[in-house]
Amino acid sequence: MTEHYDIIIIGTGAGGGTLVHRLAPSGKKILILERGTFLPREKANWNPTEVMTAGRYYNAGTWQDKEAKELKPATGYWVGGNTKFFGGTLFRAREREFDTVIHKGGISPEWCLKYVDFEPYYTQAEQLYHVHGKRGLDPIEPWTTEEYSFPPISHEPRIQAVSDDLTAQGLHPFYLPMAIKLNEAQQFLSECIRCETCDGHPCLVHAKADAEVITVLQAIKHPNVTLLTEAKVQRLHTSASGREITGVETSVAGETKLFRGDIVVVACGAINSAALLLRSTNDQHPQGLANSSGQVGRNFMKHNCGVVVETTAKENPTVFQKTLGVNDFYWGEPDFPYPMGQIQLSGKVNREMFENGVPLQVDAGISPAQVASHSVDWWLMGEDLPDPNNRVSLKGDKISLEYTDNNSESFDQLIDRWIDVLKSINGESDSRYYRSKFPLRWVAHQCGTCRFGIDPKTSVLDPDCRTHDINNLYVVDGSFFPSNIGSNPTLTIVANALRVGDILLRQLGILSANERQLTNLSV
């Protein structure tokens with residue numbers, strides 16, 4: 001007999017995990033399907049060679065690029081999704097980013113909702129994911145209704161000196177908003193130990209505020225919530241009319257099972273969500289589900305990302321480095337009046353990483369240990385723009401990422417400008433500056449592919465993230481982005497999942513129209 005649920009959620013990352021957390025207290029019968037399992041807690045979690053070089057936890061297999069060349073993505077299928085590896089930097093989108101933005105390389109289109117629609121959910125998301133920060137320092141931060149619930153993470157001495165130097169140059173460094181379970185005031189109570197293997201690594205002690213720790217483990221405490229791991233959804237079935245999902249065909253431990261749900265939510269990440277919809281063709285949906293617009297899989301975005309590593313005569317003994325950000329060039333500057341992007345410190349790069357060319361190769365003849373002990377490591381990020389030719393498609397059973405870089409001039413401008421800033425601070429002839437851009441296989445900031453909007457001819461989802469074509473099918477991950485904001489997308493994904501969760505609760509008759517009841521359902 002086919003099992004029936006009120007809600008089926010496919011995926012447990014920032015979107016799916018947050019959504020089930022919101023829905024779990026409702027008492028509704030909920031099934032979560034996760035193709036991966038719980039990431040093992042083992043010493044290798046903190047081994048940069050195993051994590052970064054060997055790709056121990058990158059278990060997504062191989063995809064292909066636009067030239068049909070093999071592509072091994074730096075991504076993994078685990079409970080918690082790719083939040084298991086994220087740096088934990090959770091920014092709100094800027095208020096302007098919900099409107100049309102003119103870039104040097106093109107246009108970021110207007111969103112069908114505005115910052116005001118997301119603001120209360122941003123606040124809830126920051127509280128839920130233990131975001132540490134301080135308002136009033138980021139020169140372009142959007143308006144907020146509340147201060148962060150958790151204090152900023154302090155800079156270690158070398159980074160504090162960098163912050164002071166930047167301030168002396170007239171810039172406005174600020175504390176990065178970080179999702180981490182840290183208690184600096186009472187360290188004996190802190191789950192986080194400020195170790196050097198946080199950014200890009202899973203956390204052995206579960207102190208990173210990832211979707212597994214914060215949402216899924218809490219949600220499955222409710223008796224009405226069932227989590228099935230190693231459950232790969234193969235395809236979705238529809239009614240004869242094509243207007244309803246009637247079955248979720250899933251491979252569980254080698255056995256094919258069919259689950260039914262009144263509401264089905266796809267939250268596999270922008271790439272795999274699009275692939276699932278495209279794979280689920282039938283007579284009513286010959287181009288794939290929810291694809292009457294032809295937009296499923298299109299407008300794939302991943303950010304222009306790269307690193308700048310500076311090495312100076314000063315040693316850098318910093319352990320937990322990812323605490324400082326700079327947004328002074330986010331919207332450009334007088335000589336370049338277009339958005340450029342954001343600058344953040346990355347996690348501290350160590351000897352093992354430089355030995356293996358992660359994140360970049362350094363000069364021959366220079367000791368990786370010497371570089372690591374003197375480097376300050378920066379992560380730079382700028383928008384790539386939605387392009388219908390940048391798309392997720394299927395070539396047989398294999399995912400194909402057809403992607404061509406765009407808006408690159410703005411990102412190159414940001415890199416050059418930042419190196420100039422660092423040179424003005426250091427002023428040392430023996431300082432070195434290395435740069436590297438991240439290749440396509442680094443898809444951590446994936447978004448687009450199922451954009452939301454008002455017009456069914458140009459969008460896949462309506463403003464509630466329900467598909468235009470299928471009444472009981474929702475997509476709740478980074479797929480819904482119509483443009484790629486200039487900073488980390490995760491907080492917007494989380495905030496949107498909370499927003500859609502409340503829409504579903506009201507649809508199920510759980511919430512009244514009084515929005516003040518929203519927080520009463522928090523776990």
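Helix 1 (residues 14-23) packs against helix 10 at an angle of about 35 degrees, and their axes are 8 Å apart. Axes here are lines fitted to C-alpha atoms, for helices over the stretch in contact, and angles run from 0 to 180 degrees between N-to-C directions. The model is predicted: local features need pLDDT of at least 70 and side-chain atom pairs count only at pLDDT 80 or more, while totals for chains, interfaces and linings use all residues. Residues are numbered from 1 along each chain as its sequence is written, and side-chain values use heavy atoms, with hydrogens and water left out.

**Helix packing**

- The crossing of helix 1 and helix 10 is right-handed, a term used if the near helix is turned clockwise from the far one by less than a right angle.
- Helices (H or I, at least four residues) and strands (E, at least two) are DSSP runs, numbered from the N terminus.
- On the side of helix 1, the contact (heavy atoms within 4.5 Å) includes Ala 14, Thr 18 and Leu 19; on the side of helix 10, Ile 493, Ala 497 and Leu 504 are among the residues involved.
- Sorted by class, this contact has 10 nonpolar, 4 polar and 2 charged residues. Nonpolar covers Ala, Val, Leu, Ile, Met, Phe, Trp, Tyr, Cys and Pro, charged covers Asp, Glu, Lys and Arg, and the others, Gly among them, are polar.

**Nonpolar cores**

- A nonpolar core is a set of buried Ala, Val, Leu, Ile, Met, Phe, Trp, Tyr and Cys residues joined through side-chain atoms within 4.5 Å. Buried means under 20% relative accessible area, exposed over 50%, and partly exposed in between (1.4 Å probe, protein chains only).
- The largest core has 94 residues, and Ile 10 and Leu 236 touch the most other members.
- Helix 10 (residues 490-507) gives the largest share of this core, 9 residues.
- Another core lies apart from it, with 22 residues, including Leu 324 and Phe 411.
- Beyond its neighbours within four places in sequence, Leu 236 has contacts that include Ile 10, Val 266 and Leu 473.

**Aromatic pairs**

- The whole structure holds 25 aromatic pairs. Rings of Phe, Tyr and Trp (its six-membered ring) pair if their centres lie within 6.5 Å; planes under 30 degrees apart are stacked, over 60 edge-to-face, and the rest tilted.
- Trp 111 and Phe 452 pair edge-to-face, at 5.8 Å centre to centre and 90 degrees between the planes. These two residues are 341 residues apart, and both are buried.
- Phe 118 and Phe 480 have ring centres 6.5 Å apart and planes at 20 degrees, so this pair is stacked.
- Phe 118 is in helix 3 and Phe 480 in the loop between strand 21 and helix 10, so the pair ties together parts 362 residues apart in sequence.
- Both Phe 118 and Phe 480 are buried.
- One aromatic cluster includes Trp 111, Phe 118, Trp 143, Phe 452 and Phe 480.

**Two buried loop residues**

- Ser 190 is in the loop between strand 9 (178-179) and helix 5 (211-219), and is buried at a relative accessible area of 15%.
- Leaving aside neighbours within four places in sequence, Ser 190 is in contact with Lys 181, Leu 182 and Asn 183.
- Asn 472 is in the loop between strand 20 and strand 21, and counts as buried at 9% relative accessibility.
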